[in-house]
Amino acid sequence: MALFSKLAKYKDFGLLVIRLGLGLMFIWHGYPKLMGGPKMWKELGGAMGYVGIHFLPIVWGLAAALTETIGGVLLILGLAFRPVCLVLVINLCVAIAMHLHSGGLDDAAHAIEDAVTFTGLFFIGPGKYSVDKR
């Protein structure tokens, strides 16, 4: 549409908006998990059982909480952007498996949407308003 054609020059600003929004939400969800301690980490890490990994749930839970919290910060900064997107997609695949098993597609939809978004961002990159500047 001609009306919106000039917005293409703001692609990098759009990527910044996406990074800020998603990063803040992942910090919002990850930080309480990180502060929840070993009991929370064990419960969170138990989700790895849905992908066939049944050992060290506390370690996996801590890894998931760190991925969401620190990943959100790095996402906002645009630092180590592609590796962060990849790790978040892996984290979300575990969440998808858990939600599909326990509640079905309706419960898994949000994790699926985020995984698709991070997969796309992995290929697009963070834009020029980032520490990576690519």
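Helices in these legends are DSSP runs of H or I of at least four residues, numbered from the N terminus. The model shown is predicted.

**View 1. The protein as a whole is built from 5 helices and 0 strands.** Read along the sequence, the elements follow the pattern α-α-α-α-α. Along the principal axes, the C-alpha atoms fill a box of roughly 55 × 30 × 20 Å. Of the 134 residues, 32% count as buried. Among contacts between residues at least 6 apart in sequence, 65% join residues at least 24 apart. The accessible surface comes to about 8,300 Å², and 73% of that surface belongs to carbon and sulfur atoms. The side chains include 11 positive and 8 negative ones, with the centres of the two sets 14 Å apart.

**View 2. Helix α1 covers residues 11-35.** The buried residues of α1 are D12, L15, R19, L22, G23, F26, G30 and L34. These buried positions pack against four other helices, namely α2 (37-45), α3 (57-77), α4 (81-102) and α5 (105-124). After α1 comes G37, whose phi is positive, near 80 degrees.

**View 3. N91 is a residue of helix α4.** Its relative accessible area is 17%, and N91 therefore counts as buried, the cut-off being under 20%. Leaving aside neighbours within four places in sequence, N91 is in contact with A64, T67 and E68. Helix α3 spans residues 57-77 and is among the elements against which the buried residues of α1 pack.

View 4. A disulfide is a covalent bond between the sulfur atoms of two cysteines. The cysteine sulfur closest to that of C85 belongs to C93 and lies 13 Å away, which is too far for a bond. For C93, in turn, the closest cysteine sulfur is that of C85, again at 13 Å and too far for a bond. The cut-off for a disulfide is a pair of cysteine sulfur atoms within 2.5 Å. C85 is buried, with a relative accessible area of 0%. C93, by contrast, counts as partly exposed because its relative accessibility is 41%, a value in the range between the limits of under 20% for buried and over 50% for exposed.

Key: Residues numbered from 1 in each chain as written. Predicted model: local features only at pLDDT ≥ 70, side-chain atom pairs only at ≥ 80, totals over all residues. Heavy atoms only, no water. Helix = DSSP H or I, 4+ residues; strand = E, 2+ residues; numbered from the N terminus. Expected span 1.5 Å × (residues − 1). Buried < 20%, exposed > 50% of the residue type's maximum accessible area, 1.4 Å probe, protein only. Contact = heavy atoms within 4.5 Å. Areas by Shrake-Rupley, 256 points an atom, 1.4 Å probe, with all protein chains shown as cover. Lys, Arg positive; Asp, Glu negative; His and termini not counted. Charge placed at Lys NZ, Arg CZ, Asp CG, Glu CD.
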